[in-house]
Amino acid sequence: MKTAGESSANTVLISEIFFSLQGEGPWAGLPAVFVRLGGCVEPLCPWCDTAYAWSGGERTGVARILETVRSHSCRRVVITGGEPFLQWNSGLKDLHCALVSRAYQIQYETSGKVIIPPMPDALVVCSPKHIGGAWRFEEANLGAVDVFKFVAGGIDWFERIDAFIARHGIDPGKVCIMPLGATRDEQLRNMGPVFTYCRQRGYRMSPRLQILAFDTRRGI
Ligand code: SF4
């Protein structure tokens, strides 16, 4: 089925599409189809765990992406990257409209390093990146973000996050903090301080379920 504005010429650079549970953030624990888009924007994060999405990937027609999404009986789609909004005007908008017209729930995961378009039909989760001593975040995106998601691992992290939130006047109800940790042990160590920090500030705390469940295993 085609919707207005959709044609076989509409393509998106896709790194991977897979079905899993969302491990973190406001949908933590919920099943979803993950559509990972290729390409990111500098400065790149030295700790990135999806560096394979920076380059490569396959230009894929919107109709074929929809077919793959539909093959999983799940009405939730997480569009992630890389940096998905790099492709908003070169195919992603068409994919978004096609998913909305089919009543999918959509969550975007973005760093906020590029402009986020107005997005009334989706949940926008932004993880601002602190790289080389500064936050890399487009201020114009403030009103477009539903949830600001940060990782934190101690007092330095808390101070940086506090400064970001104070500078932008962000409502604590929009803030979600996850314990830093690429391993289960590291995440468990950081959970107590993050719990206390969230309780003091009135923030939501989110685990990273994929790491708690599987430690360093990939491809979950
Ligand atoms: S913004 Fe995300 S995908 Fe891009 S380099 Fe940073 S962590 Fe990796």
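In which helix does I161 lie? I161 lies in helix α3, which spans residues 155–168; helices (H or I, at least four residues) and strands (E, at least two) are DSSP runs, numbered from the N terminus. The structure is a predicted model, in which local features need pLDDT of at least 70 and side-chain atom pairs count only at pLDDT 80 or more, while totals for chains, interfaces and linings use all residues. Residues are numbered from 1 along each chain as its sequence is written.

I161 has 23 C-beta neighbours inside 10 Å and therefore counts as buried. A residue is buried if 20 or more other C-beta atoms lie within 10 Å of its own, exposed if 12 or fewer, and partly exposed in between, with C-beta atoms placed from the backbone. Not counting residues up to four places away in sequence, I161 touches F150 and A152; contact requires that the C-beta atoms of two residues, placed from the backbone, lie within 7 Å. I161 and R75, by contrast, are separated by 86 residues in sequence and by 33 Å in space, C-alpha to C-alpha.

The protein has five helices and eleven strands. The C-alpha atoms fill a box of roughly 50 × 35 × 30 Å along the principal axes. The radius of gyration is 17 Å, which agrees with the value near 17 Å for a compact globule of 220 residues; this radius is taken over C-alpha atoms, and the globule rule is 2.2 Å times the number of residues to the power 0.38. Buried residues account for 37% of the 220 residues.

The domain assignment gives domain 1 (7–115 + 122–128) and domain 2 (146–220), with bounds that come from an automatic or database domain assignment. Their C-alpha centres lie 22 Å apart, and 15 residues of domain 1 are in contact with 15 residues of domain 2. On the side of domain 1 that touches domain 2, β1 (11–21) and β6 (123–126) each supply at least two residues. The largest share of that side, four residues, comes from β6.

The largest nonpolar core has 44 residues, of which V12, V35, I65, V77, L95, A152 and I177 touch the most other members. Such a core is a set of buried Ala, Val, Leu, Ile, Met, Phe, Trp, Tyr and Cys residues joined through C-beta atoms within 7 Å. Strand β2 (residues 31–37) gives the most to this core, with five residues. Because domain 1 and domain 2 both give residues to the core, it lies between them. Beyond its neighbours within four places in sequence, A152 is in contact with W157, F158, I161, I177, L180, V194 and Y197.

The residues around the ligand are C40, L44, C45, C48, T50, A53, G81, G82, E83, S111 and K129, each with its C-beta atom, placed from the backbone, within 6 Å of the ligand.

Most residues other than glycine have a negative phi, and most peptide bonds are trans. The peptide bond from G81 to G82 is cis, with omega near 15°, and G82 is found in the loop between β4 (76–80) and α2 (92–101). The bond from E42 to P43 is likewise cis, with omega near 0°; P43 lies in the loop between β2 and β3 (58–61). A103, in the loop between α2 and β5 (105–110), has a positive phi near 65° and is exposed, with 7 other C-beta atoms within 10 Å.
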